[in-house]
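This report is meant to be read beside the sequence and the coordinates.

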Amino acid sequence: MIEEKLFIAGQWVAAAARLPVEDPSTGETIGTLAAGKAGDIDAAVGAAQDAFSGAWGAATAAERGRVLAKIGKAVETQADMLAELEARDVGKPLKQARADALALARYLEFYAGAADKLHGETIPYLAGYTVYTLREPHGVTGHIIPWNYPMQIIGRSVVGALAAGNAAVVKPAEEASLTALAFARIADEAGLPAGALNIVTGLGEEAGAALAGHPGVHHISFTGSTAVGALIQAAAGRNAVPVTLELGGKSPQIVFADADLDRALPFLVNAGIQNAGQTCSASSRLLLERPIYDQLLDRLAARYRALKVGAARDDLDVGPLISAAQKKRVESYIARGRGDGLAVVAEGAIASNAPSGGHFLPPTLFAGVAPDHVLAQDEIFGPVQVAIPFDSEEEAIRIANGTEYGLVAGIWTRDGSRALRLSRAVRAGQVFVNNYGAGGGVELPFGGTGRSGHGREKGFEALYAFTRLKTVAAFHG
Ligand code: ADP
């Protein structure tokens with residue numbers, strides 16, 4: 001049985017209460033986590049402040065980069081161990097979990113290299129002045145992490161904050177904390193100074209809320225649901241602290257009749273079922289131009305029927321959902337679609353050897369869904385896609401922009417002018433032309449608009465968010 005503690009000031013610390021760790025592939029309890037509370041968050045914020053005023057804060061940008069590079073190498077070396085842990089904890093098929101571990105290593109490589117390339121500017125000004133800007137770390141950054149991609153989100157959020165010189169307090173999701181703790185172990189062994197990274201596991205309403213509202217935290221980065229994002233922003237607002245919110249999505253892929261359908265096909269499906277659809281940037285709406293609608297639906301259906309669902313260790317196309325509650329939630333959407341008479345075009349299949357206690361659900365493709373139907377509006381966060389026909393470019397844009405979200409959009413066409421027009425017209429933080437996701441590149445700024453949140457992570461944008469700009473105007477005559 002796994003028995004985890006909190007990681008504060010470079011020490012493994014016990015907590016008064018404990019939380020169960022479930023393997024979603026079997027429904028079995030495989031260990032327990034420490035349930036951190038407000039007092040533990042207080043200790044972690046204090047430890048981060050000490051590190052920021054001490055060894056970590058005194059490190060040069062090049063030294064910070066060197067330590068992150070070392071952690072990155074260690075993560076890469078231990079990618080199999082991390083993948084196995086994540087597969088058990090989140091239910092991700094092993095290959096996908098390994099890709100997440102390697103993405104974390106790549107974030108460490110990227111931000112290690114960026115640490116000493118982050119600098120201010122000089123600004124031409126009045127005679128007798130020299131004006132320049134300094135990019136200074138905020139100090140203590142708080143990171144509230146969801147359960148769907150723990151390693152990738154630690155990479156794009158926590159690693160960026162560390163590279164910029166902050167000391168971090170991390171609250172992983174109660175459903176999936178194991179790789180965050182393993183990451184702390186690796187970072188500690190690689191020589192990250194004590195207190196630069198602190199991990200407080202626990203419940204959102206307890207440890208998470210305490211972190212979001214702590215007056216000693218100078219920036220909050222949150223990835224999760226829109227409802228909790230609003231709470232985080234309100235809590236941070238009381239301390240006038242900046243937040244980055246990466247929330248939900250209902251991202252469309254728009255397929256025109258002139259598109260390369262052979263290329264599009266795997267992207268259209270994978271973007272909906274990867275991680276069992278539990279991805280903020282999942283593409284849950286497929287907008288298909290009328291002349292190819294029927295033909296493309298047939299091809300999508302064939303792919304759906306070939307999808308296999310099973311235990312993470314069996315490394316099939318789709319694993320279980322994270323919990324029984326999540327499965328029930330997604331099932332209720334499917335039932336609602338069926339109840340409203342929507343056509344189920346095709347479903348995937350649950351493998352015969354899938355453990356009976358696992359939270360498995362066959363991927364489900366609905367067709368002919370009205371753009372304002374709840375299935376085309378709500379973020380379902382499960383392996384459910386809806387196909388919607390459209391007749392013109394204008395209609396495609398209207399449907400694409402017709403939700404409260406605006407995270408990602410995909411455009412499939414061979415018409416270059418149309419691709420450029422639509423890239424401007426769609427409401428999204430990332431637009432992909434003739435692909436979807438671009439392989440998740442760590443260099444590519446990511447974030448949303450509307451109820452998908454605000455602020456950007458990944459790339460250099462994260463480093464700008466994790467620093468504050470100081471302008472120095474010196475008069476020398
Ligand atoms: P999901 O719906 O995907 O589970 P949540 O938004 O509930 O996403 O959770 C994302 C993260 O936010 C988790 O780490 C969770 O513990 C945390 N969280 C949940 N509720 C709160 C809250 N009231 N305050 C702060 N953090 C919270």
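What follows describes the fold, its cores and a few residues.

This is a predicted model, in which local features need pLDDT of at least 70 and side-chain atom pairs count only at pLDDT 80 or more, while totals for chains, interfaces and linings use all residues. Residues are numbered from 1 along each chain as its sequence is written, and side-chain values use heavy atoms, with hydrogens and water left out.

**Overall form**

The protein contains 16 helices and 23 strands, these being DSSP runs (H or I of at least four residues for helices, E of at least two for strands) numbered from the N terminus. Its radius of gyration of 23 Å agrees with the value near 23 Å for a compact globule of 477 residues, where the radius is taken over C-alpha atoms and the globule rule is 2.2 Å times the number of residues to the power 0.38. Along the principal axes, the C-alpha atoms fill a box of roughly 70 × 65 × 40 Å. Of the 477 residues, 56% are buried, a term that stands for under 20% relative accessible area, against over 50% for exposed and in between for partly exposed (1.4 Å probe, protein chains only). Among contacts (heavy atoms within 4.5 Å) with a separation of 6 or more, 74% join residues 24 or more positions apart.

**Nonpolar interior**

A nonpolar core is a set of buried Ala, Val, Leu, Ile, Met, Phe, Trp, Tyr and Cys residues joined through side-chain atoms within 4.5 Å. The largest one has 85 residues, and Ile 71, Val 75, Tyr 111, Phe 183, Leu 192 and Leu 197 have the most contacts inside it. Helix α5 (residues 94–114) gives the most to this core, with 9 residues. Apart from it lies another core, of 54 residues, including Leu 261 and Tyr 293.

Beyond four places in sequence, Val 75 touches several residues, among them Leu 82, Ala 101, Leu 104 and Phe 183. Ala 112, which lies in helix α5, is in contact with Gly 65, Leu 68 and Ala 69 when its neighbours within four places are left aside.

Most residues other than glycine have a negative phi.
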